[in-house]
Amino acid sequence: TFTYGPLSGCSPMTINFNASTHDRLSFIWDFNDGNIVSSTDSLVSHVYTIPGSYIPKMILVDAGGCQVPITGSDTIQVKGVIAHFLFTPGALCDSGFVAFTDSSHGNDIITSYTWNFGDGVNSNLQNPTHHYAINGTYYPRLVVTTQAGCTDSSGASLPVRVVSSPKAAINSSGNGCAPMTVDFNGTLLIPDTLAMSWSWNFGNGNVSSMQHPPLQVYNNFGIYNISLIATNSSGCNDTLNTTVQAYQVPTINAGADTMICRGSGITLTARGADTYTWSPPIGLSCIECVSPVANPDSLTNYVVTGTTIQGCSNIDTVQVNVRQHFVMQNSKGDTLCRGGSIRLFASGASSYRWSPATALTSTNASTTLASPAVTTTYRVIGTDDHACFYDTGFITVKVYPIPTVVAGQNKTINVGQSIDLNPVISPDVTSVFWSPMSSVIQNHFPGVTVKPSETTDYSIEVRNPGGCKTKDHVTVFVLCDGANVFIPNTFSPNGDGNNDIFYPRGSGLFTIKTMRIFNRWGEVVFDKTNFIPNDASYGWNGTYQGLKLNPDVYVYLIEIVCNNSSTLIFKGNVALIQ
């Protein structure tokens with residue numbers, strides 16, 4: 001048998017066991033709490049640490065190894081409680097509430113709870129919520145007591161940490177004109193020994209985890225929201241928000257290009273900004289104004305820089321072209337024959353106006369055809385394309401009448417003769433031109449003396465001081481009909497130097513084609529061809545074959561070619577006398 005006691009108490013509870021046996025060799029004590037002890041001692045003690053009901057056993061073992069189990073007659077009642085609680089571990093940022101949940105358990109009714117939150121504050125609630133207001137590390141602890149007076153305590157394995165949140169600031173290079181580049185930088189206002197992480201959102205689609213991120217570009221104007229979360233290694237953070245503004249670059253309008261008359265000036269007006277600066281200053285009434293008066297001497301491109309109140313600038317250019325004075329050129333005065341026309345011209349201007357309009361084909365062109373009936377002075381006024389300036393020219397067209405000439409009736413002469421041609425002309429004629437001139441042997445204004453060798457058509461052209469001219473013509477018919485030929489009917493080749501040679505004479509004779517002399521019996525006593533007329537050296541001296549012939553009547557046959565190429569044939573008798 002064995003006895004044990006006490007039979008009830010709070011864990012840890014020590015129970016003393018006392019065995020009463022004969023012939024024992026050894027004991028095996030089974031305390032029913034999972035602990036088994038072999039011993040040769042009949043007196044043993046065991047500590048029950050876990051609350052519960054236990055019925056122990058004593059097993060006797062003899063030398064032969066035989067075992068006899070003996071179960072205790074009384075139940076040992078171990079009262080007790082295991083203190084335990086739950087909370088969400090982690091760091092509180094600056095301050096915060098922690099909810100504690102009791103999870104104590106045992107086999108006795110818990111009658112009281114005693115909490116120590118580690119910051120000098122206690123509570124007897126079963127599931128309290130405590131506010132930690134001061135930075136630090138706190139280890140909360142719970143003590144529970146049961147109806148039987150059993151107690152247990154439990155401390156947190158992880159502390160409650162109250163950590164200061166970081167105090168950060170956003171530094172940036174500020175607002176600007178689009179496209180804008182901004183330099184951001186995160187700084188700590190209060191030094192923090194914990195490791196920091198940074199999370200940027202720049203509002204332009206970019207993010208960064210760097211304290212000093214890359215430069216950010218904002219291409220379009222507008223307001224951009226910037227956020228920064230600075231987090232320490234305890235998870236406490238500071239969230240900051242700011243904005244940057246990309247100002248709109250103004251669209252500057254200096255107005256349309258324009259043209260002025262030199263010396264007149266024009267007001268330029270800029271739009272699109274708040275202040276303006278013009279350059280170059282040449283010809284401007286002011287350079288830092290909205291609407292300067294521009295009066296340049298020559299073509300000038302004015303550049304205006306417009307600036308907004310935010311300092312954003314842009315430029316535009318306006319061209320001021322200057323119409324200069326010009327000198328018009330025009331045709332000189334000229335003469336014109338009545339009924340004729342002359343082309344008048346002017347140059348150097350953009351538009352023209354001619355007057356009087358009489359006898360003009362156009363009154364507003366640079367060139368016009370004038371056909372005045374009388375002497376007229378025309379005026380032309382030239383204007384530039386901006387109607388700034390004009391110039392005037394005068395052109396006198398002197399109109400001359402058409403002269404008259406009558407060459408006279410046609411004339412007829414024998415070849416070798418001359419004749420006067422006397423035309424009738426108008427009083428204004430100052431020059432006379434005859435054609436052809438090859439047969440003119442004398443000039444006697446306005447007529448000529450001609451000696452044509454053949455029929456000739458003479459043209460006369462007369463002109464007055466205006467160069468006006470008129471023509472007429474007259475024909476001189478030239479005859480070769482024998483009237484200009486003399487053939488003697490007797491000659492005396494006696495050597496006295498008077499009528500010793502027989503030969504043809506005349507005027508207008510080109511050549512003697514043939515000359516034959518026959519005696520009364522038909523015998524040729526002289527034969528000569530192709531010799532010039534009026535030359536005794538080619539005539540007949542009254543001999544035949546070197547002998548003088550006796551006086552007699554001889555027959556001649558002479559063929560003469562005149563200067564007009566006509567041919568005359570003469571037949572007759574010539575008496576040879578001594």
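1. Strand E25 (residues 176-177) and strand E32 (residues 237-247) run parallel and are joined by two bridges. Within E32, Tyr247 is the bridge partner of Cys177. As with everything below, this pairing is read from a predicted model.

2. E32 also pairs with strand E31 (residues 222-232), here in the antiparallel sense and over ten bridges. Thr231 stands opposite Asn237 of E32. The two strands E31 and E32 make a hairpin with four residues between them. In that turn, Gly235 has a positive phi of about 90 degrees. E32 therefore takes part in a parallel pairing with E25 and in an antiparallel pairing with E31, since strands of a sheet pair through backbone hydrogen bonds in either sense.

3. Elsewhere, four strands form an open sheet in the order E18-E17-E21-E22, with antiparallel pairing. Which strands stand at the edges? They are E18 (122-123) and E22 (151-155); each has a single partner strand, so one side of each is left without a neighbour in the sheet. Inside this order, strand E17 (residues 110-116) and strand E21 (residues 141-146) pair in the antiparallel sense over six bridges. Thr114 stands opposite Val143 in E21.

4. The largest nonpolar core has 40 residues, and Leu421, Phe502 and Trp540 touch the most other members. Strand E62 (residues 552-562) supplies the largest share of this core, five residues. A second, separate core has 18 residues, among them Ala349, Trp354, Phe389 and Val397. As background, nonpolar side chains in soluble globular proteins tend to be buried together.

5. What is Trp540 in contact with, leaving aside its neighbours within four places in sequence? The list includes Phe491, Phe502, Met515, Ile517, Val525, Phe526, Leu549, Tyr554 and Leu576. Asp500 and Ile501 are in contact with Trp540 as well.

6. The structure holds 24 aromatic pairs. One of them, Phe2 with Trp29, is edge-to-face, at 5.7 Å centre to centre and 85 degrees between the planes. Phe2 lies in strand E1 (residues 2-5) and Trp29 in strand E4 (residues 26-30), so this pair ties together parts that are 27 residues apart in sequence. Both residues are buried: Phe2 has a relative accessibility of 9%, and Trp29 has a relative accessible area of 1%.

7. Another pair is stacked, because the rings of Phe531 and Tyr538 have their planes at 20 degrees, with centres 5.5 Å apart. Are these residues buried or partly exposed? Phe531 is buried at 4% relative accessibility, while Tyr538 is partly exposed at 30%.

8. Phe2 and Trp29 also belong to a cluster linked by ring pairs, together with Tyr4, Phe17, Phe27 and Phe31. A ring is involved in another way at Tyr503: the charged end of Arg505 sits over this ring, 3.9 Å from its centre.

9. Ser39 is placed in strand E5 (residues 36-39). Why does Ser39 count as buried? Its relative accessible area is 17%, and buried means under 20%. A polar atom of the Ser39 side chain lies 2.9 Å from the backbone nitrogen of Asp41. Leaving aside neighbours within four places in sequence, Ser39 is in contact with Ser26, Phe27, Trp29 and Val44. Of these, Phe27 and Trp29 are also in the ring cluster of point 8.

Terms used
Residues are numbered from 1 along each chain as its sequence is written. This is a predicted model: local features need pLDDT of at least 70, side-chain atom pairs count only at pLDDT 80 or more; totals for chains, interfaces and linings use all residues. Side-chain values use heavy atoms; hydrogens and water are left out. A nonpolar core is a set of buried Ala, Val, Leu, Ile, Met, Phe, Trp, Tyr and Cys residues joined through side-chain atoms within 4.5 Å. Buried means under 20% relative accessible area, exposed over 50%, partly exposed in between (1.4 Å probe, protein chains only). Contact means heavy atoms within 4.5 Å. A polar contact is a pair of N or O atoms within 3.5 Å; within protein, one must be able to donate a hydrogen and the other to accept it, and residues adjacent in sequence count only if both atoms are side-chain atoms. Two strands pair if DSSP finds at least two bridges between them. Rings of Phe, Tyr and Trp (its six-membered ring) pair if their centres lie within 6.5 Å; planes under 30 degrees apart count as stacked, over 60 as edge-to-face and the rest as tilted. A charge sits over a ring if NZ of Lys or CZ of Arg is within 6 Å of the ring centre and within 35 degrees of the ring normal.
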